[in-house]
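Student: Can we go through this one together? I'd like to hear what stands behind each label.
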Amino acid sequence: MEQTMELTTDQFIRDFEQTFNEQQQTLLQNATPTELFLALAHTIRQYYTPMWLERNESLSARQEKIAYYFSIEFLPGRMLETNLLNLGILDTVKEGFTQLGLDFTAVKNAEHDMALGNGGLGRLAAAFMDSLATTGYAGFGNGLRYKYGLFKQRIVDGYQVELPDAWFGSLGNVWETRKDHDAVNVRFFGNVYMADAGEGKLKPVYSNAQVLRAVPYDVPQLGYKNGVVNNLRLWDVEIPEEYELNYPTIADRRRVEDITAVLYPDDSTEEGKKLRLMQEYFMTSAGLQTIVKSYLKMGLPLEKIYEKVSVHINDTHPAVAPAEFMRILIDDYGMEWDAAWNATTKVMSYTNHTILSEALEKWSTGLFSFVLPRVFQIIVEIDNRYMAQMGAQGADYARVENTRIVRNGQVHMAHLAIIGGHSVNGVAQIHTELLKEDTLRDFYALTPEKFNNKTNGIVQRRWTQIAAPVLSQTIDKWIGFEWRNDIHALRALNDVVDNPRAQNDFWEVKQLAKKRLADYIEETTGVHVSTDAIFDVQVKRLHAYKRQLLNVMHIIKLYWDIKDNPEGDFTPRVFIFGAKAAPGYHFAKSIIKVINELANLINNDPEIGDKLKVVFLENYRVSLAELIIPAANVSEQISLASKEASGTSNMKFMMTGAVTMATLDGANIEIRDEVGEENIVIFGMTKDEVYHHYETHDYNARYLYDTDPVLHRVINTFVDGTIPRCQSEGSEIFDALVTYNDEYFLLEDFQSYVAAQARVSALYRDRERWMHMSMMNIANSDKFTSDDTIRQYAEEIWHLSLPHAGRHRAA
Ligand code: NBY
């Protein structure tokens, strides 16, 4: 049900001016964008605060079931426009700013991205928060309040340099509220033994444990025009007053603060590993403790907690949850094992985001039992009981052995999440199939009923209404406004994809977005790009499996084509990259360096001119994605088939009218199913062909290099001095591709990629055909709304019902 705040422009101006005067005590004309942003954010806080209070009251009064989404990453980006849009007052506020003579865009840009995540996994968690509030479900987030978000990337001499991102800096996070009364203690280290507690019960006694205080900061999550406010709870660490004497020096205190200092601390050392495990346990334990406490306030029996609580484990980072939940139920509340286990498995569910086994967390039993001695005892007990139970059922011994939690001196976190819960899901159809038939096949054989698919989604409102306002107005013009409230109404666009006037409108919209990006490129890199060229974009984390290098190889091929035939007829292209490499990922950093040097070579060659440009935009992040994605003509989704679990940027590009250059991987397959074969450009091996190579070990990169002259010349370009200033990086790449047999099969897919790119050029020259493709992508993108994805989670995994809607009053 649509419910917007009633707010006139005049009223807004009065509210804003009053807040501004109270807060900033200066003249409006003298204020910096940051001061204006703070005053605006505080004004908005006043608007949503009554809704937030009412939401919490009504959820507890009605004893609604709540799902808690545990994630080490949340990547919301900027919140200002989302909050305004969802309150239904974005246009009113923009109008108010115009009347006050203030620049809304500058104020919006003064907000620092909330970047408590690094890629798709964190962005998905943030999307789910928005969609939970928008659909009205009671779904709360649980994570860490890192002082420094994902590093800020600078490019210096072509190299990635990482700087700390003090995202809330000295201003604080305007959206959050510290909830002191919900603070809890979390214990690490020490010794634990079991003592007689009377009545035949045992209780754990701890000695020398380190006790830390977990303090929550709540960030409101507003639903779209429905008055709903959910909660994202982020934990920060503090030293409990009673233990202050244990930390006499600043260095002592710093070591504690480290727990919530950075996302993914370097784990190449034992110290780093320990810190990561502490982070994961800290957030999980604190979250679960408060969940149990607030459940008990309802006066219901603890054995039945699963009727009111679901806990979702996003990837393996919070996978200690089943064991910690058992500890709380048994040690803190005296429950018997069997009742506790029954409750735990019904409460817990888990999403897997990768088939790369190196990304499924494992801890050495030595480290784990040192940091979390009591939890380790419980895990060993879970593991023993699992073995006994499976044995009693006559399950295949080898399978059970492969699926146990503690094995060969390691604790397998994914195994704990699966055994300790009732649901495991992959994030796209092909990914879930691969989990069943390969990565988790033994689990699938033993407990097939736990497996299900939930294809990812995106917050369509951010990627259209916020990031692409002119596109949104053009959609309004052709099909009306309904799609803004019901994304499925977008399908009406199917009727106009061949209408010449509509095609013309959507072409102009894209040109405007390209102009906006071209200006940014010129401003930040000094490179001039023509909006007549195809804007061909690959933005995502830098990883070998995502194959940015394949894109680079194609660019090198084009470079030689032009050099060989400068007068040839050529469809101009601008290749745009944005990517952060993990600080310890040497090879990924070498690829960044090579892209930048190749860009220098090409962009400064007068013979190449506007035919070809290459741009690497530094510090790719959510707010930059909002500028880049709507400006793309081509969306590069070229991972090796089977490796990209889903991808989500592919969906954002689709929704804003880019044509996807795709392998049959992740959600690309489902995009193809929606738009039809002829409106996407597919190339490369299928997953079965990839797996055939794995089974037969017949892949021979050197043979391909030796026998294909085009490939030969492209690969030699990395090492023959053509690209200056990257000798060592070039030879690393050469070695990866030829000497070490090309782990991600770039060489085999090269010809098919080049041919597909040639098709793109031809298609783009046929403007009618191209606009048909582009608009078909927009018109059929509704499947990928995270609102629908979250409805499936809510109904099929968490078994939530919709809290009674429509009772929430606007401020
Ligand atoms: O999750 C991504 C997948 O690669 C992508 O295909 C999918 O669409 C998305 C949402 O389901 N995974 C991802 O972003 N993973 C990480 O960023 C990540 C980072 C660090 C670690 C593990 C995963 N880690 O163990 O340190």
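**Labels and what backs them**

Student: Why is Q221 called buried?
Tutor: Q221 has a relative accessible area of 8%, and buried means under 20%, with exposed over 50% and partly exposed in between (1.4 Å probe, protein chains only). The 8% of Q221 is therefore in the buried class. Bear in mind that this is a predicted model, where local features need pLDDT of at least 70, side-chain atom pairs count only at pLDDT 80 or more, and totals for chains, interfaces and linings use all residues. Numbering starts from 1 along each chain as its sequence is written, and side-chain values use heavy atoms, with hydrogens and water left out.

Student: Where does Q221 lie, and what does its side chain reach?
Tutor: Q221 lies in strand β11 (residues 210-222); strands here are DSSP runs of E, at least two residues, and helices are runs of H or I, at least four, numbered from the N terminus. The side chain of Q221 reaches the backbone oxygen of V219 at 3.4 Å. A polar contact is a pair of N or O atoms within 3.5 Å; within protein, one must be able to donate a hydrogen and the other to accept it, and residues adjacent in sequence count only if both atoms are side-chain atoms. At 3.4 Å, the Q221 pair is within that limit.

Student: How do you know whether V539 is buried or exposed?
Tutor: Same test: V539 has 2% relative accessibility, so V539 counts as buried. V539 lies in strand β20, and its C-alpha atom is separated by 8.7 Å from that of I628, 89 residues apart along the chain.

Student: What makes β20 and β21 a pair?
Tutor: Two strands pair if DSSP finds at least two bridges between them. Strand β20 (residues 534-539) and strand β21 (residues 573-578) are joined by six bridges and run parallel, and D536 stands opposite F575 in β21. They belong to an open sheet of six strands with parallel pairing, in the order β22-β21-β20-β23-β24-β25.

Student: What makes β22 and β25 edge strands?
Tutor: Each of β22 (612-616) and β25 (681-682) pairs on one side only.

Student: Why do β15 and β16 stand at the edges of their sheet?
Tutor: That open sheet has three strands, β15-β17-β16, with antiparallel pairing. β15 (362-364) and β16 (406-407) each have a single partner strand, so one side of each is left without a neighbour in the sheet. β15 pairs with β17 (residues 410-412) over three bridges, with K362 opposite H412.

Student: What do β9 and β10 form?
Tutor: A hairpin, with five residues between them; G198 in the turn has a positive phi of about 80 degrees. Six bridges join the antiparallel strands β9 (residues 191-196) and β10 (residues 202-207), and P204 is the bridge partner of M194.

Student: What makes a residue count as near the ligand, and which come nearest?
Tutor: Near means that one of its heavy atoms lies within 4 Å. Of the 16 residues around the ligand, R276, H353, N456, E644 and G647 come nearest.
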